[in-house]
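Try each task before reading its solution.

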Amino acid sequence: MRSRMRVALVFLAAAVCVSSAQTNNNSNDNRQPPQRSVWDEPIRFSTKTRDSCTMVVSGAGDYTRLRVSCKGPSQGQTPGRSYYCDFQGKPNLCRAYNRNPRHFFTQMMWDMRKLSHACQGPKVYRPAMCKKYPDEAQITFLASWPKTAVPKTAVPKPSKPVQEPRKPAVPAKNKPVTTPKPVKPQQPAKPQPGKGPQTKKIVPKSGKTTTRPTEQPESKATRVASEYCWKSFQGVCTYFISWFQN
């Protein structure tokens, strides 16, 4: 009888030890560190220009909102630039986001840290884990402060032609005006004594016909010349009178 009681006590003690061991294992499993939540701890990163940025996730109704706040390094006594931008979407429509939401925004951070300005990236971010889902499940740009405008390409103005310095005008030298010399009137040749006035022969030009003056009686021209001309010019006067009469 006593031997049976001893065996029962041994089995009872072994069962208690096994159950306590399982309880300890379960308690150790429950003591594992919990996974970090994107809602509690923000994501920090630096841009290409060394701007220190912080990503903070919050809820806005059915949407998930993200704010990225950045501050640039100070340059001497000049403080660094400060800016922020807001995004929102419904990433909970993606199954992979529900399993690990922090990794979703970490993939966004990998793209933002390649930029010189964290708020001048794409309007819609498509992390690789939810890339196949529609735009509604993605994070879309909302607004930023200060407003960032896309820089326009400056159109070069046409350069003005360089004007060469004008040379001083050299006054033109006045050439002496040559006055024509007075032409001396040619005196008609005096007729030789014993010879009558000589008449010049007119050579007819090509295509034109000229008529010779007909000779008049010499007595009439001589008579008129003797009446109106000096004696020394009577021969010349006789020639011209006879020529005009003809």
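A charge sits over a ring if NZ of Lys or CZ of Arg is within 6 Å of the ring centre and within 35 degrees of the ring normal. This is a predicted model: local features need pLDDT of at least 70, side-chain atom pairs count only at pLDDT 80 or more, and totals for chains, interfaces and linings use all residues. Residues are numbered from 1 along each chain as its sequence is written, and side-chain values use heavy atoms, without hydrogens and water.

**Exercise 1.** Find which ring K90 lies over.

Solution. Start at K90. The ring is that of Y63, with its centre 4.9 Å away. Now go to K123. Its charged end sits over the ring of F141, 4.3 Å from the centre.

**Exercise 2.** Classify the aromatic pair of F87 and Y125.

Solution. First, the rule. Rings of Phe, Tyr and Trp (its six-membered ring) pair if their centres lie within 6.5 Å; planes under 30 degrees apart count as stacked, over 60 as edge-to-face and the rest as tilted. The structure holds seven aromatic pairs. Finally, F87, Y125 and F141 form one aromatic cluster.

**Exercise 3.** Classify the pair of Y97 and F104, then its burial.

Solution. The ring centres of Y97 and F104 are 5.2 Å apart and the planes are at 85°, so this pair is edge-to-face. Y97 has 4% relative accessibility, so it counts as buried. F104 has a relative accessible area of 0%, so F104 is buried.

Key: Buried < 20%, exposed > 50% of the residue type's maximum accessible area, 1.4 Å probe, protein only.
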